[in-house]
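I opened the model to look up salt bridges and strand pairing. My notes follow in the order of checking.

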Amino acid sequence: FPFPYTPYRIQEQFMEALYGALEAGRVGIFESPTGTGKSLSLICGALSWLRDWEEKRRQEEARLLALGAGGQDGLTPQLTPGGADTAGQPDWVTAFVQKKEERDMVDRLKEEQIRRKKREDRLEKIRHNVQLKYAAKRKRCEEDEAKRLLQLSQEALSQGAGEGALDQLDHNDEELVLAEYESDDEKKVVSGLEEDDDDLEEEHVTKIYYCSRTHSQLSQFVREVQKSPFGKDTRLVSLGSRQNLCVNEDVRRLGALQLINDRCMEMQKNKHEKKSDEENEGKKRRVSRTTCPFYSYEQMQFLRDEVLVEVKDIEQLVSLGRETKACPYYGSRFAIPAAQLVVLPYQMLLHEPTRNAAGIKLKDQVVIIDEAHNLTDTITCIHSAEVTGSQLCCAHSQLLQYMERYRKRLKAKNLMYIKQILYLLEQFVAMLGGNVNQNPGCQAVSQTGTVLKSINDFLFQSQIDNINLFKVQRYCEKSLISRKLFGFMERYGGPASAVKTNKENQKLAGLQNFLLTLQQGSDKEGDPPVEAEHDQLQSASPLMQIEGFLSALTNANQDGRVILNRQGTVGQSSLKFLLLNPAVHFAKVVEECRAVIIAGGTMQPMADFREQLLCCAGVDPAHIVEFSCGHVIPPENILPIILCSGPSNQQLEFTYQTRDLPQMMDETGRILCNLCNVIPGGVVCFFPSYEYEKQVYGHWEKTGLLSRLAAKKKIFQEPKKANQVEQVLVEYAKCIKRCSQTGGQMTGALLLSVVGGKMSEGINFSDDLGRCVIMVGMPYPNVRSPELQEKMTWLDKTMPRAAGQAPSRVLIENLCMKAVNQSIGRAIRHQKDFASILLLDHRYARPAIFNKLPQWIRERTQVKLAFGSAFAELRKVRTHCILCP
């Protein structure tokens, strides 16, 4: 395998196993700890396979074309398309059909070859011709200048034309009125391309879709590709949301993703309508609709070629889009067919409507999902949805006002669908025990609590089973009603909006007053403050979230549940759709793809992926490959210990019943005091929850134990607010650095963190930042949660028992150990790092739990029944720290 440096043995094993899985067309679960060069192994292993695969394809094509040119028979049976059953047909018919299929195949191969040669020549020309590279840019600048001059002349002519301006004012609501809804089976809007264009029919070459969780992880991966031996000759394209790729500042300013999406779609629609108006020369446009200046097909073609010529990450793609005045969102999508490596967030790949909209075709392609430890939860979250009583009432009021204002201008079909949506909203609020015509913040709920219902039961009880939700969902998508409603609220909903006449002011006063009381009502209830963007969405366009809930209700009855969460008021109550079977949405990915690789730094326990995701999605267990490699650090650089009892011989068992006992909290404090005396640098201590961490901290304050700890280590606590995390980490790192340089009694810092919190994932406590990681107890999820109880019941009904254990019990253990493995993996981040890991609970020593630790930690773990022997081992770590540079 080509590699930028001599690979570790485990990297070679990883690449060999990956190559084998791709060649055999398997589904693989790959685990390679952080710090072992996983990204580079994925790049070099996968692209080596792709290069070899393309070479084999070229050789096979050359052979078949040579046979075709020579007019010879003998095309290999497995490559002959069609495969129709010709039993009972005369020999001459069979021979004729076979000859025709062979000729068709040769013709198709010739076309593909011509197309590929044309693309390669074009890219080569761009790569080596600087003048051509900037020709399109110059042309665009000239066009912009011409448009600017034209606009100036129009403005000069229109001065004093008060009558025309008045006419425009009379029709300023044109863009807010819904267009006629032609049919439920309306064809998808063409994305601005000419139908006879060659590029529309460009076939997708065999490619690798690489997915990760965040845009920063994807950018990091692209930089690794740039540094790899494949960086110069790989056609790579980075995909992202409009929020990340849009370069139109007016659209970007909207902030919320849904608003950006809708505005973009509306501008495209305006562009198509403008074209059709230009064709009908006799018609005069009454209203000037905004179009996007970056949505230029010619410029986007140029951007596509630039993307394919040289590997670029998202930031470079956006810069190129601004420079060339071309839309990076659509330009990057045009590059998908010819790309060899497509890099995208995994939400885009896992959600089928988004996948289709982006032009992603998975048939016979390879998918690699990195950072996949939360894959099951991610699929569940993408396809779950929640709406509050406030949002439902607000959407109902807005839509009713919208319908009343434009009733005379709306076509019958639009009115029919709006009335259906209004009815749905009324029934949803009624299910929460409220009335849409009253302020949700003032309506008390008589029966509080949480109720779970199957989808069918919810539809029957809310009396909406006679409405076709598929048609309503399609109407919302095609008509862009949420976008129209948002525009309506922008113009008339706020107190600052300029409204034309007093009569109209009176008409809309009810809506404004309702929204004002809604806002005051939520303030009175003491709701936590929300971010500006979320607040804007809640007040301006709650219909967007409600559309997601309607879409979720179209899932199969057995695959989900509706949760009615009734709280103090209707406004605080909510309806939530919970997806129970994420495998139904993953099934299409594994069915269509040639191979799927699920990779991560910590994938243990793997049983979750194998049984709940892959087997439920219809994957044959024989086709699943599992690979887990060790770490590159020497064995002496890590000391994992399971500690069964503390310094005063108190057995460590942090169950819900025992963890609140004063003696248990005291014992935890004594252990930390002893460790902080001998371990230099940073110590990170994980608690099962924020509440328990707060309780223990308060207890230590009362007993004076906290001041003893503070004498050796400065104590930091993980903040609940995400925007404060970075500040705490910076202070924590500064303190450790200062202590290491100055010496003295203070030896570093102690960070009290929470499992599943902001610091248990994605934060690197490398080197002195994490010389010891301590896990207090076992972070089992809250089994009293109605959602988890429903998931457990569903698993017990649908999954077989494993090794005598109920599937629900296995789920609880797996959720716990997945969280533990993520947290303890924060410490060792590179080859020369070293740290100790302390698991405070005797239950970790049980075989079922112990075997769910990552292999590289498990094989080095010591079980210590008494604190004395564990402490002696930990003192050696201090010696090791002093000896190491």
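**Entry 1: a pair across the chain.** I started with glutamate 352, which is partly exposed at a relative accessible area of 31%. My scale calls a residue buried under 20% relative accessible area, exposed over 50% and partly exposed in between (1.4 Å probe, protein chains only). The model is predicted: local features need pLDDT of at least 70, side-chain atom pairs count only at pLDDT 80 or more, and totals for chains, interfaces and linings use all residues. Residues are numbered from 1 along each chain as its sequence is written, and side-chain values use heavy atoms, with hydrogens and water left out.

Which residue does glutamate 352 form a salt bridge with? I found lysine 588, with the closest N and O atoms 2.9 Å apart. The pair links distant parts of the chain, 236 residues apart: glutamate 352 sits in helix 14 (residues 352-357) and lysine 588 in helix 24 (residues 583-592). Lysine 588 is partly exposed too, with a relative accessible area of 35%. I count a salt bridge when a side-chain nitrogen of Lys or Arg is within 4 Å of a carboxyl oxygen of Asp or Glu. Helices (H or I, at least four residues) and strands (E, at least two) are DSSP runs, numbered from the N terminus.

**Entry 2: other salt bridges.** I noted 23 salt bridges in the structure. In one of them, glutamate 249 meets arginine 252 at 3.9 Å, N to O. These two are three residues apart in helix 8 (residues 249-252), so about one helical turn separates them. Glutamate 249 is partly exposed at 39%, and arginine 252 is partly exposed at 30%.

Next I checked arginine 253 and aspartate 250, whose side chains meet at 3.1 Å, N to O. Arginine 253 counts as exposed at 64%. Aspartate 250 counts as exposed at 53%. I also logged a network of salt bridges linking Arg9, Glu12 and Glu16.

Entry 3: In what order do the four strands of the open sheet stand? I read 6-9-8-7, with antiparallel pairing. Strand 6 (385-388) and strand 7 (449-454) are at the edges with a single partner strand each, so one side of each has no neighbour in the sheet. Pairing here requires that DSSP finds at least two bridges between two strands. Strand 7 and strand 8 (residues 560-566) run antiparallel and are joined by six bridges. Lysine 453 stands opposite valine 562 in strand 8.
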